[in-house]
Amino acid sequence: MDKIGLFKDLQLPKKAVWAVGGGKGGTGKSFLSANLGIALTQMGKKVLLVDADLGCANLHTCLGVNPGATLSDFVQGKIRDIGQILTQTEIPNLALISGAQDFLEIANPKHSQKMRLIRQIHELDFEYIILDLGAGTSFTNLDFFLSADTGILSVIPEPTSIENVYRFIKSVFYRRFKKIARDPEVKEIVMIAMDEKNERGIRTPHDLIDHVASINEKAGQKLKEAVYTFAPKIVVNQVRSKDDMTLGFSMRSSCGKYFGIKVDYVGYVEYDDHVWQATKKKRPLLLEYPNSSAARCLERTVLNLIKKEELKLNSIVNQ
């Protein structure tokens with residue numbers, strides 16, 4: 001594929017922050033983050049990867065980098081300027097902020113530490129900043145996800161992974177609602193809704209909006225607007241069949257029907273032995289096996305993310 005020809009007509013934003021999350025470990029978040037970043041540098045963009053998997057970082061291994069200073073040094077105040085913990089990779093225009101060898105305590109930073117970290121990351125001079133998040137629905141993961149312009153969810157075609165992504169989507173919207181709500185009574189209802197077994201019968205974000213609207217119409221309208229202006233993107237990793245490829249469409253439909261939430265299905269990555277072979281060599285797939293099927297899938301996914309387009313069902317049916 002001719003990368004120059006492929007990307008030459010794109011209108012790119014001056015600066016964008018993408019967050020790659022998901023509910024479960026082992027779904028390829030770091031793999032996806034590293035290769036999205038490399039694809040962007042191949043378009044001539046200046047990119048920063050941030051290993052925000054606090055306490056369990058491994059993005060440096062995906063890139064074959066041995067970083068010096070890390071996030072711990074910044075969070076603990078040993079280094080005041082976040083620019084001093086940047087590590088330049090061997091790839092032109094690609095820098096890394098690593099969490100390698102960080103203490104486990106960093107996984108739960110104080111709120112003030114977390115907000116300072118997010119603010120300073122956003123202020124760094126890069127065209128694209130990609131946040132590689134940890135597994136689970138901790139407030140830290142949710143806040144990093146919400147801080148991004150584009151939230152990307154990595155899922156593999158396994159029941160546990162699918163279930164955890166649904167849980168992540170619900171959690172991130174509840175967290176978003178809680179930040180938006182100003183009325184103490186509404187805030188309390190959002191907190192109640194975060195307990196999946198709550199006695200008010202609020203099981204989904206859609207239920208929550210209806211419940212809030214019944215007691216405070218204006219607040220309910222505000223939560224509705226929050227849903228319409230935030231659409232996470234789904235990437236299905238390790239697909240082996242056409243059924244796997246269509247998983248993203250099913251998830252999109254379920255989120256709309258049961259949660260009242262819009263999500264976009266932007267791409268899939270085929271299961272490919274070249275992926276684990278590149279990982280074993282501590283080399284990014286796009287550099288080690290640029291012509292592999294998985295690499296082609298990643299390039300198509302980046303295009304859809306930049307163009308804000310979704311995968312088309314007929315592109316799969318006609319294969």
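Phe 31 touches Cys 62, Asn 237, Val 269, Val 275, Leu 285 and Leu 298, leaving out residues up to four places away in sequence. Contact here means heavy atoms within 4.5 Å. This is a predicted model: local features need pLDDT of at least 70, side-chain atom pairs count only at pLDDT 80 or more, and totals for chains, interfaces and linings use all residues. Residues are numbered from 1 along each chain as its sequence is written, and side-chain values use heavy atoms, with hydrogens and water left out.

Phe 31 sits in helix 2 (residues 29-41). Helices (H or I, at least four residues) and strands (E, at least two) are DSSP runs, numbered from the N terminus. Phe 31 has a relative accessible area of 14%, so the residue is buried. The scale is simple: buried means under 20% relative accessible area, exposed over 50%, and partly exposed in between (1.4 Å probe, protein chains only). Asn 108 lies 77 residues from Phe 31 in sequence. In space, the C-alpha atoms of Phe 31 and Asn 108 are 24 Å apart.

Now step back to the whole chain. The protein chain has 16 helices and eight strands. Its radius of gyration is 20 Å, close to the 20 Å that the globule rule gives for 319 residues, so the chain is as compact as a globular protein of that length. That radius is taken over C-alpha atoms, and the globule rule is 2.2 Å times the number of residues to the power 0.38. The C-alpha trace spans about 55 × 55 × 35 Å along its principal axes.

Of the 319 residues in the protein chain, 54% are buried. Take the contacts with a separation of 6 or more: 75% of them join residues 24 or more positions apart. The chain exposes about 14800 Å², and carbon and sulfur atoms supply 49% of that area. Accessible areas come from the Shrake-Rupley method with a 1.4 Å probe; for residues, only the protein chains shown count as cover.

Charge comes next. The chain carries 43 positive and 37 negative charges, and their mean positions are 2 Å apart. Lys and Arg count as positive and Asp and Glu as negative, while His and the chain ends are not counted. Each charge is placed at NZ of Lys, CZ of Arg, CG of Asp or CD of Glu.

Turn to the aromatic rings. A search of the whole structure finds seven aromatic pairs. Rings of Phe, Tyr and Trp (its six-membered ring) pair if their centres lie within 6.5 Å; planes under 30 degrees apart count as stacked, over 60 as edge-to-face and the rest as tilted. The ring centres of Phe 145 and Phe 168 are 5.1 Å apart and the planes stand at 80 degrees, so this pair is edge-to-face. The pair links distant parts of the chain: Phe 145 is in helix 6 (residues 139-147) and Phe 168 in helix 7 (residues 159-180), 23 residues apart. Both Phe 145 and Phe 168 are buried.

Phe 249 and Tyr 265 give another case. Their ring centres are 4.9 Å apart and their planes are at 85 degrees, so the pair is edge-to-face. This pair, too, links distant parts of the chain, with Phe 249 in helix 12 (residues 247-259) and Tyr 265 in strand 8 (residues 264-270), 16 residues apart. Phe 249 counts as buried at 12% relative accessibility. Tyr 265 is buried with a relative accessible area of 0%. Elsewhere, Phe 145, Phe 168, Phe 173, Phe 177 and Phe 230 form one aromatic cluster.

Next, the backbone. Most residues other than glycine have a negative phi. Gln 238 is not a glycine, yet its phi is positive, at about 60 degrees. Gln 238 lies in strand 7 (residues 233-239) and is partly exposed at 26% relative accessibility. Lys 282, also not a glycine, has a positive phi of about 55 degrees. Lys 282 is in the loop between helix 13 (273-280) and helix 14 (285-288). At 49% relative accessibility, Lys 282 counts as partly exposed.

Another loop holds Met 194, between helix 8 (184-193) and helix 9 (205-215). Met 194 is partly exposed, with a relative accessible area of 26%. Beyond its neighbours within four places in sequence, Met 194 is in contact with Phe 139 and Tyr 174. Lys 170 is 24 residues from Met 194 in sequence and 8.6 Å away in space, C-alpha to C-alpha.
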